[in-house]
Amino acid sequence: MRWSSILLSALSVVINASPWVGFNPDTVPNYIWGNARQPADVDDPVVSAVSKTLHNQKRETAEMKLQNIINRLESARDTYFKVSPLFDGARYYLSPPSFFLIRKEADAVCRLIGGYLVEVDSAVEHDFIKAFLSQSPGYKYVLTGATDEALGGNWLNGYSNTPARYIKWGHGEPNGGTDENCLFFWQELGFDINDWACSSHRNTLEYAGGFLCEVPIPGI
């Protein structure tokens, strides 16, 4: 089983929630809440008061269950990924190197941990990420969030759906035409940018790569 399948299975219990950004009870799966969502709607004030008390107790229990899941997922997230220092209110989470890379899976994992595939907005951010990746051996390439799949040569960030604001191409790049529609930090180019295929399956150490999630840190 690939790393992505393992992590997606582990995180799927909150696939519709955003626990890292803020608690939203409306997105919590029903099996966590049970019947704790709403108290009974009755006319008898005594029955209504009892119902509300039971409802609040059930809700507190459901919130404790959810918080326990969140705590476990945060621990798994911080253990599974290599985490960067703080930069401009966010941290970067680098996946372990793998011979398999599918952009849609990488994007899903980033969103499940409260972020998105990295969107580089400036030279300062680019250089910060380069320094971080340079201290992370074993990567031929690292996937970013920009793609021109919709319109060749028009690079858009997948999460924000905005034009890529800063691309520092490596020497001789871009050169992939219509066959290379995603942007990568490329080790042989000093971790400047290369265009390459959005999915990869290479069974050689030479082509082990990963992806980079940008995760905003609340309260920063």
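This is a predicted model: local features need pLDDT of at least 70, side-chain atom pairs count only at pLDDT 80 or more; totals for chains, interfaces and linings use all residues.
Residues are numbered from 1 along each chain as its sequence is written, and side-chain values use heavy atoms, with hydrogens and water left out.

**Stop 1: strand E5**

Select residues 141-147, which make up strand E5. Helices (H or I, at least four residues) and strands (E, at least two) are DSSP runs, numbered from the N terminus. Seven of the seven residues in E5 are buried. Buried means under 20% relative accessible area, exposed means over 50%, and partly exposed lies in between (1.4 Å probe, protein chains only).

Two strands pair if DSSP finds at least two bridges between them.

- Select E7, residues 182-186. E5 and E7 run antiparallel and are joined by four bridges. Pick Val142 and find its bridge partner, Phe185, in E7.
- Select E10, residues 209-216. Its pairing with E5 is parallel, over three bridges. Leu143 has Phe211 of E10 as its bridge partner.
- Select E6, residues 156-157. E6 pairs with E5 in the antiparallel sense, over two bridges.

**Stop 2: the rings**

How many aromatic pairs does the structure hold? There are 14. Rings of Phe, Tyr and Trp (its six-membered ring) pair if their centres lie within 6.5 Å; planes under 30 degrees apart count as stacked, over 60 as edge-to-face and the rest as tilted.

Show the side chains of Tyr141 and Phe184. Their rings are edge-to-face, 5.5 Å centre to centre, with 90° between the planes. Tyr141 sits in E5 and Phe184 in E7, so this pair ties together parts that are 43 residues apart in sequence. Tyr141 is buried, at 0% relative accessible area. Phe184 is also buried, at 0%.

Trp196 counts as buried, at 10% relative accessibility.

Then select Tyr80, Phe81, Tyr93 and Phe211. Ring pairs link these four into a cluster.

**Stop 3: the salt bridges**

The whole structure has three salt bridges. Each is a side-chain nitrogen of Lys or Arg within 4 Å of a carboxyl oxygen of Asp or Glu.

Begin in helix H4, residues 103-112. Arg111 and Asp107 meet there at 3.2 Å, N to O. They are four residues apart, so about one helical turn separates them. Arg111 is partly exposed at 39%, whereas Asp107 is buried at 16%.

Next, pick Lys130 and Asp192. Their side chains form a salt bridge, also 3.2 Å from N to O. Lys130 is in helix H5 (residues 123-134) and Asp192 in E8, 62 residues apart. Are these two buried or exposed? Both are buried.

Finish with Glu188 and Lys140. Their closest N and O atoms are 2.6 Å apart. Glu188 lies in the loop between E7 and E8 and Lys140 in the loop between H5 and E5, so the bridge ties together parts 48 residues apart in sequence. Glu188 is exposed at 53%; Lys140 is buried at 7%.
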